[in-house]
Amino acid sequence: MFAYIVRRVLYAVPILIGVNLLTFVLFFVVNTPDNMARVNLGVKHVTPAAIEKWKVEHGYDKPLLYNSLEQGSAALTNTIFYEKSVRLFVFDFGAADDGRDIGHDIAQRMWPSLAIALPMFIVGLLVNITLSMLLAFFRGSYIDMSGVVLGVIFMSVSTLFYIIGGQYLMGKLWHLVPISGYSNEWPAAIKFLILPVIIGVIGGIGSGTRWYRTIFLEEISKDYVRTARAKGLSELRVLFRHVLKNAMVPILTGVVVVIPMLFMGSLLTESFFGIPGLGSYTIDAILAQDFSIVKAMVFLGSVLYIIGLILTDISYTLVDPRIRLN
């Protein structure tokens with residue numbers, strides 16, 4: 001297993017280089033260093049001298065990908081892409097365009113993101129699996145059909161509707177929780193987290209329930225389930241002791257890979273509820289055309305996703321001893 005993990009980590013290096021290159025190209029297709037300077041200087045009539053000074057101070061005065069004035073390897077290394085990307089591979093995120101330490105910001109903002117994402121993930125998982133097992137138990141009945149129809153309706157409604165509707169009903173009309181905001185003090189922070197978590201769980205019920213229902217129905221149709229029924233086991237015992245256990249591999253495929261990504265937060269939820277997490281941090285960086293933060297967040301997201309894939313493979317061996325990583 002150790003050799004497998006090392007090989008997967010080595011495979012990740014060209015993937016991360018490709019992600020960085022793609023992020024760089026996409027960002028500078030729609031932005032130029034001059035535009036970034038004008039946005040950051042924040043005045044209408046910026047002089048060319050002020051723009052050039054800002055570019056020099058922030059390392060954007062060099063060619064993007066290839067420096068034709070240099071010879072040999074310096075033609076590639078004396079560029080914006082190289083100087084802004086290499087340090088990421090040792091997790092040195094550098095400084096934002098306004099001078100803030102990006103690594104410090106990430107360390108501070110990951111906790112509000114986790115405070116929302118973790119309960120949303122755990123509660124959502126339990127609710128979706130419970131509902132999908134209920135539908136699988138009543139498969140083919142009106143309960144199952146009604147659940148499928150409701151799932152499609154839940155999937156068809158935009159997340160924005162849940163957010164705005166929840167803020168209006170629970171925050172403005174019933175005054176149960178604050179509409180938005182966040183507190184670093186516990187347990188005072190709980191009242192700010194209840195509404196985003198509830199909305200996140202409700203917003204994911206449709207797709208989650210349908211996904212797990214499909215997995216359970218596929219397992220129910222297999223021979224070992226028919227054998228278990230032939231032995232006289234009750235339907236509930238077959239469902240919880242046999243189907244649920246054998247469905248863990250496909251469930252883990254969708255679950256474990258998401259766990260590392262919980263650090264990244266939710267772009268939409270954090271922005272609407274005023275939560276200072278990594279999701280709102282990324283949105284603010286995009287609006288401010290801060291390439292240093294954007295590339296750092298994309299790189300971090302890629303690393304976490306790769307870690308999630310490796311953890312998923314390892315988890316297969318834990319739930320099914322027949323699986324070998326080689």
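Buried residues have under 20% relative accessible area, exposed residues over 50%, and partly exposed residues lie in between (1.4 Å probe, protein chains only). The legends below describe a predicted model, in which local features need pLDDT of at least 70, side-chain atom pairs count only at pLDDT 80 or more, and totals for chains, interfaces and linings use all residues. Residues are numbered from 1 along each chain as its sequence is written, and side-chain values use heavy atoms, with hydrogens and water left out.

**View 1. Overview of the protein chain.** The chain contains 15 helices and 0 strands; these are DSSP runs numbered from the N terminus, helices being H or I of at least four residues and strands E of at least two. Along the principal axes, the C-alpha atoms fill a box of roughly 85 × 60 × 35 Å. Of the 326 residues, 40% count as buried. Contact denotes heavy atoms within 4.5 Å. Among contacts between residues at least 6 apart in sequence, 69% join residues at least 24 apart. The chain exposes about 18100 Å², of which carbon and sulfur atoms supply 68%; accessible areas come from the Shrake-Rupley method with a 1.4 Å probe, and for residues only the protein chains shown count as cover.

**View 2. Residue A12 in helix α1.** A12 belongs to helix α1, which spans residues 2–30. With a relative accessible area of 7%, A12 is buried. The C-alpha atom of A12 is separated by 9.5 Å from that of I307, although the two residues are 295 residues apart along the chain.

**View 3. A nonpolar surface patch.** L21, V25, V29, V30, L64, L65, Y66 and L76 make a nonpolar patch of about 730 Å². Patches consist of residues with over 30% relative accessible area and no salt bridge, like charges being joined within 9 Å and nonpolar side chains (Val, Leu, Ile, Met, Phe, Trp, Tyr) within 5 Å. A salt bridge is a side-chain nitrogen of Lys or Arg within 4 Å of a carboxyl oxygen of Asp or Glu. Helix α1 gives the most to the patch, with 4 residues. L76 lies in helix α4 (residues 74–77) and is exposed, its relative accessible area being 51%.

**View 4. Packing of α6 and α14.** Two packed helices are described by the angle between their axes and the distance between the axes. Helix α6 and helix α14 (residues 278–287) pack at an angle of about 130°, with their axes 8 Å apart. The two helices are therefore oblique: angles under 35 degrees count as roughly parallel, over 145 as roughly antiparallel, 65 to 115 as roughly perpendicular and the rest as oblique. Axes are lines fitted to C-alpha atoms, for helices over the stretch in contact, and angles run from 0 to 180 degrees between N-to-C directions. I102, D105, I106, R109, M110 and S113 of α6 make the contact with L278, G279, S280 and Y281 of α14. The buried residues of α14 are L278, G279, S280, Y281, T282 and A285, and they pack against α6, α13 (267–273) and α15 (291–319).

**View 5. Residues with positive phi.** Most residues other than glycine have a negative phi. F91, which is not a glycine, has a positive phi of about 60°. This residue is found in the loop between α5 (80–85) and α6 (102–137) and is partly exposed, at 46% relative accessibility. H175, also not a glycine, has a positive phi near 55°. H175 occupies the loop between α8 (159–173) and α9 (190–220), and its relative accessible area of 63% makes it exposed. Q289, which follows α14, has a positive phi near 55°.
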